Amino acid sequence: MLPATGTTPAAPREAASALVSELRGIDWLHLLEAWGLRLLAAVAIFVAGRWLAQRLGNGLDRVMARAGVDPTLGGFLRNIAYAVMLVLVIMTALTALGVPTTSMFAILGAAGLAVGLALKDSLSNIASGVMLIVLRPFRTGDHVVAAGQEGTVLEVRVFQTRLRGLDHRVIILPNSEITTAPIINYSSLPQRRFDVTVGVGYRDDLQQARDLLVRIARDEPLVLDEPAPVVRVLNLGESSVDLVLQAFAANDDFIEARSRVVEAVRNQLIGHGLSIPYPQRDLACVPPRCRWPAAVGAAAARRRRRRRPPAPAAARLSAPISRRCGCARRAWLRTTARRRGSPGVRNGQCRCVRPPRR
């Protein structure tokens, strides 16, 4: 039965009294001496070690900045150094607290293996980011083509790289795709070559065209004098002789220099009497003519009639029939067989169509 209202059960009272007696039997002073000092030492080690790791990381960053190290590489190394020192501080604090670190290392190893298998794609991006930062195939501000995307490098991170496209769009690429594809760096050298292909007519003076193209490139102030611009014969096309002008410009002036040279080539070639031919095609349209003999046409007509299935009896009685009249006009007549045995009639004049056989 349930106890009456206002009374306390005997079992909970006994449990509470047993707990109080056990707490009174603990030597709190000895426990404080044994674990209080350890806990205090662990907290002090963690606070001091974390402050020291931050100071050492900032100092390492300043040293690499003074040494002229790339800012991306400097920031990455500073973060790695801080993470390693923080792990050492935590393990030291746990050792001072009395926690066995051997079993903890085993647990962390198993957990790390599981996390690595689950995040293998992300870890590949991290490894690729480390390779990009250490090997440095490009730097911040370089004009590159990476993973099929062209743009200016904004930032290289551990997981991804950010580019600014030619149309000022931000392109974010995973680092694993960049390291597994060819990388073209247009900014690794201070100068860059551009090619302008020009076609001149076969009747034009080829040497005059070459001298004119070289003079156009030398007169442009954005084109570099060294290496000197050259003109080579590229191809003998269907309607023109293709020449290619090769000149060098600085990386910052590449687009503007090429645009000016192309405009000057078009204007001066026409101004000096040289032609820029374009492909032309002459099409001759011949009307179709039937060259089959009459016998071949008649044989084909007979074959078509044989392939045609026979019409039912009702259709033969009422369907229109086209036959050739036997009179002098030799005209095609359209006759109608109203009933079996009646002759064909056209406008009540020609009766040369024989009636169908019974």
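1. On a 1 Å grid over the protein atoms alone, a pocket is an open set of points where a 1.4 Å probe fits, with protein on both sides within 12 Å along at least five of seven lines. Grid points are joined across faces, edges and corners, and a volume is the space filled by probe spheres set on the points. By these criteria the largest pocket has a volume of about 320 Å³. Its lining comprises 15 residues, of which His143, Thr152, Leu166, Asn251 and Ile255 are the closest to its centre; a lining residue has an atom within 4 Å of a point. Strand E2 (149-156) and helix H8 are the elements that give two or more residues to this lining.

2. The model is a predicted one, in which local features need pLDDT of at least 70 and side-chain atom pairs count only at pLDDT 80 or more, while totals for chains, interfaces and linings use all residues. Residues are numbered from 1 along each chain as its sequence is written, and side-chain values use heavy atoms, with hydrogens and water left out.

3. The protein chain contains 10 helices and 10 strands, taken as DSSP runs (helices H or I, at least four residues; strands E, at least two) and numbered from the N terminus. Of its 358 residues, 23% count as buried, that is, under 20% relative accessible area with a 1.4 Å probe, protein chains only. The chain exposes about 25,900 Å², 58% of which is supplied by carbon and sulfur atoms; the areas come from the Shrake-Rupley method with a 1.4 Å probe.

4. An open sheet is formed by 3 strands in the order E6-E8-E7, with antiparallel pairing; two strands pair if DSSP finds at least two bridges between them. Strands E6 (191-200) and E7 (230-236) are the edges, each pairing on one side only. Between E7 and E8 (residues 241-250) there are 6 bridges, and Val233 stands opposite Leu243 in E8.

5. Two helices pack on this sheet. Helix H7 (residues 206-219) touches E6, E7 and E8, and its direction makes about 15° with that of E8. Helix H8 (residues 254-271) touches E6 and E8, at about 20° to the direction of E6. Contact means heavy atoms within 4.5 Å; axes are lines fitted to C-alpha atoms, for helices over the stretch in contact, and angles run from 0 to 180 degrees between N-to-C directions.

6. Asn125 is found in helix H5 (residues 120-135). Asn125 counts as buried because its relative accessibility is 14%. Leaving aside residues up to four places away in sequence, Asn125 touches Val158, Phe159, Pro174, Asn175 and Ser176.

Conventions. Buried means under 20% relative accessible area, exposed over 50%, partly exposed in between (1.4 Å probe, protein chains only).
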